[in-house]
Amino acid sequence: MIFALVLLPALAGLLAFALPKPALRRGVLIGTAIIHAALTAICWKFSPAPTLNEWLALDAAGLLFLSITSGLFLLASIYAAGYLSQEANRKFTDIEEGLLFDNAPEAVFIGCLLLFLSAMTLVTVSQHFGLLWVAIEGTTLASAPLIYFHRHHRSLEATWKYLLICSVGIALALLANFFLGVAAVNSSGENFPIVLPALLVHAHDLQTPWLKAACILFFVGYGTKMGLAPLHTWLPDAHSEAPSVISALLSGAVLNCAFLGLLRVQQIFVGAGMEQFTRDIWIALGVASLVISAIFIIGQTDYKRLLAYSSVENMGILALGIGLGAAGAFGALLHAINHSLVKAMLFLLAGNILARYQTKNISNVRGLLNATPVTGALWLAGFLAITGTPPFGPFLSKFTILKAALDLGHGYVVIATIFLATLGIIFVGMATAFLGMAQGEPEKVTIATNDSKWQIAPPLVLGAMVLWLGINVPEPLANLLKQIASTLGGAQ
Amino acid sequence: MIFTKLILVLLVLTNLKLLGSSRVGSSIRVVAAQGIALGLLPVLGHAHELSIRFGLLAAGTIAIKGIVFPWFLFRAVREAEVTREIEPYVGYVASLISGVAILAVSFWMCMRLPMPASLASSWLAPIAIFSIFAGLFLIISRKRALSQVLGFLVLENGVYTFGVGLAPQSSLLVEAGVLLDVFVAVFVMGITMFHINREFDHINTEQMSQLKD
């Protein structure tokens, strides 16, 4: 079962490189996404048996992030199939500098997309830290060609930064793995493989100095990939230059994969009773991300970069939540789901807007509600959702985190204040941009066509899910989140 | 034991050579030599418990780092028809002095950490850390995309050195996965480099500064 989840997209991806017909390739893409989502749904009912000496197993945290990834990928693949049929075999004029460019071959795009899904699935099912590392680096490598889909020099610059910064960061995480290997000794002083269950059993015997050194390197390595400030520098470039559907996957799924990697580290520290050490790191990185993203969101002129900085902000919220103990961790996990859904929706809509207005500049987009009512309405709904306005899901999760901070008492009031203040600043910054884009009269240059079904359906579904999560968190999901949160928070 | 130390000393010398080298071609050759030396490290360092695992790992490392990478990078240099100069931000002498300083700091740092008994040599950890820092230094202080890839390889070699010292604890599957990832990373970076060359007519990263806030 686990093998099927990982290998199916990998094989389909290799197949897509070889297939000659575009229609066939897109069929393979959507077909694989549907089967993958179906398998994931089955995992909720029957939990698959661990394989490969328990190196691969689907625990509660894995199941949560696998579901997010698989669901997003299904919707993104539908959008991508429509997008590719529109983009196929055309020369393009660059919208910013007027130069001609073409796209990467579609076979490469779909092949890498499927390999990317395979790598992300491997991240969610890896219990062995070495394997987890291999999978996270795999997501970087499979997604780099996707960012360079539009072949011009800005996307090239973004790809190079992404590759180099993430590879260096992740190389440090590899060193962390070796440190963890040194730290992993049982009570009789023998080393054992760095598999999560074994590490938890022997958590109190681990060598503390090496464990702490490993932890810091893990935060540097996976934190870079997760986009926590001040390690986020690749993120706005990659998100703004990649095709929108890729930005949606990067923001909604990849950042979560790195987050999961750090959650595994947190689980060890909770097991060893040293969570105070990691909590401080989580809170520091969380607050830094919130403050830095707020600074860059104010006065941002490019709406895709705006969304990218909003991702940095939300990763900061996740980090802050984990740093606040079990209650905060519950909120953070819920927020991870909400953020993935909303951000994917917003990036897909940004793709629609870009296709229609041919500009990424906020001030050049006017009258969305008139020009394209459905996209415009969803864009506004997405804005309300991402800034944490009720009745959408993010309101609930942000509120949970805020409450967790206030419940912890004295010292944490400062953190709660910073949290609220930055959220307020970001609300104002985003409101200026989003409301300006939605209102007013559209300029004549916009192409007067209706958005097609594939452009509307995926964001609509995502929006509906966020709304539903805001009104009612389903029982099985809440139980799953509680179960994970208890392994992340430790004793209050 | 003596072989391990020999290889570690070789590692330090190659890193210093890289920091002071002004030629692209010789830098690629030095990194290749470093890769081969590292490939031999597990074989020589654990000679008393030689197994198929170490053999496979050594063969894979030597093949990829000693043969495939240099071939691929030399091709990149030829295709790009770049001048053979490295073009540093930080001069060669300054780089060398920094290298020596980093070496001293690495040894000082490692004297303060409790070393596990399983490490093959007490020099291993400081020299691994020296390689990592030297790699980082090369990435930030050089303009050319190619030099940055070489820097990444040096950094990765440093991480690998540390890993080899702990070889009994890791496993073939993970090591093979790591090797595969590095291979694909350099492959993708190489392809990106071709495109950078085509797009900008050179492989300087200096002019890639449009995306910022």
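Take the contacts in chain A between residues at least 6 apart in sequence: 80% of them join residues at least 24 apart. Please keep in mind as we go that this is a predicted model. The predictor gives the complex an ipTM of 0.87 and a pTM of 0.92.

Let's stay with chain A for a moment. What does the secondary structure of chain A come to? We have 19 helices and two strands. Buried residues account for 60% of the 492 residues here. Now, a compact globule with 492 residues would have a radius of gyration near 23 Å, and chain A has 22 Å, so the two agree.

Let me zoom in on single residues. Find Ser118(A), in helix 4 of chain A, which covers residues 106-125. Is Ser118(A) buried or exposed? Ser118(A) has 24 C-beta neighbours inside 10 Å, and therefore counts as buried. If we leave aside the neighbours within four places in sequence, Ser118(A) is in contact with Val6(A), Pro9(A), Ala10(A) and Gly13(A). Ile426(A), on the other hand, is 308 residues from Ser118(A) in sequence, and their C-alpha atoms are 35 Å apart in space.

Next, look at Ile471(A), which sits in helix 18 of chain A, residues 453-471. Ile471(A) has 11 C-beta neighbours inside 10 Å, so this residue counts as exposed.

Now for some backbone geometry. As a rule, most residues other than glycine have a negative phi, and most peptide bonds are trans. Where do we find something else? Asn53(A) has a positive phi, near 55°, although this residue is not glycine. Glu54(A) has a positive phi too, near 65°, and is likewise a residue other than glycine. Asn53(A) is found in the loop between helix 2 (22-45) and helix 3 (60-87) of chain A, and Glu54(A) has its place in the loop between helix 2 and helix 3 of chain A as well. Asn53(A) counts as partly exposed because there are 13 C-beta neighbours inside 10 Å. For Glu54(A) the number is 15, so Glu54(A) also counts as partly exposed.

Then there are the cis peptide bonds. One joins Ala229(A) and Pro230(A), with omega about 5°. Pro230(A) lies in the loop between helix 8 (208-226) and helix 9 (234-241) of chain A. Another cis bond joins Pro390(A) and Pro391(A), where omega is about 10°. Pro391(A) belongs to the loop between helix 15 (373-386) and helix 16 (393-407) of chain A.

Let's move over to chain B. Which elements does chain B have? Seven helices and zero strands. Of its 213 residues, 45% count as buried. Among contacts in chain B between residues at least 6 apart in sequence, 75% join residues at least 24 apart.

An α-helix has 3.6 residues a turn, so residues three or four places apart point the same way.

A word on confidence. Chain B averages a pLDDT of 82, and 87% of the residues score at least 70. Among the elements of chain B, the lowest mean pLDDT, 78, belongs to helix 7 (residues 172-200), and the highest, 91, to helix 5 (residues 124-141). Where pLDDT is low, the predicted coordinates should not be read in detail.

Finally, how do the chains meet? The contact takes 31 residues from chain A and 36 residues from chain B. On the chain A side, the elements that give two or more residues are helix 5 (129-147) and helix 6 (153-183). Helix 6 of chain A gives the most, with 17 residues. The residues on that side of chain A divide into 19 nonpolar, eight polar and four charged.

That's my tour, so over to you.

How values were computed. Residues numbered from 1 in each chain as written. Chains lettered and ligands numbered in written order. Predicted model: local features only at pLDDT ≥ 70, side-chain atom pairs only at ≥ 80, totals over all residues. Contact = placed C-beta atoms within 7 Å. Helix = DSSP H or I, 4+ residues; strand = E, 2+ residues; numbered from the N terminus. Nonpolar A, V, L, I, M, F, W, Y, C, P; charged D, E, K, R; others polar. Buried ≥ 20, exposed ≤ 12 C-beta atoms within 10 Å, placed from the backbone. Rg over C-alpha atoms; globule rule 2.2 N^0.38 Å. pLDDT = per-residue confidence, 0-100.
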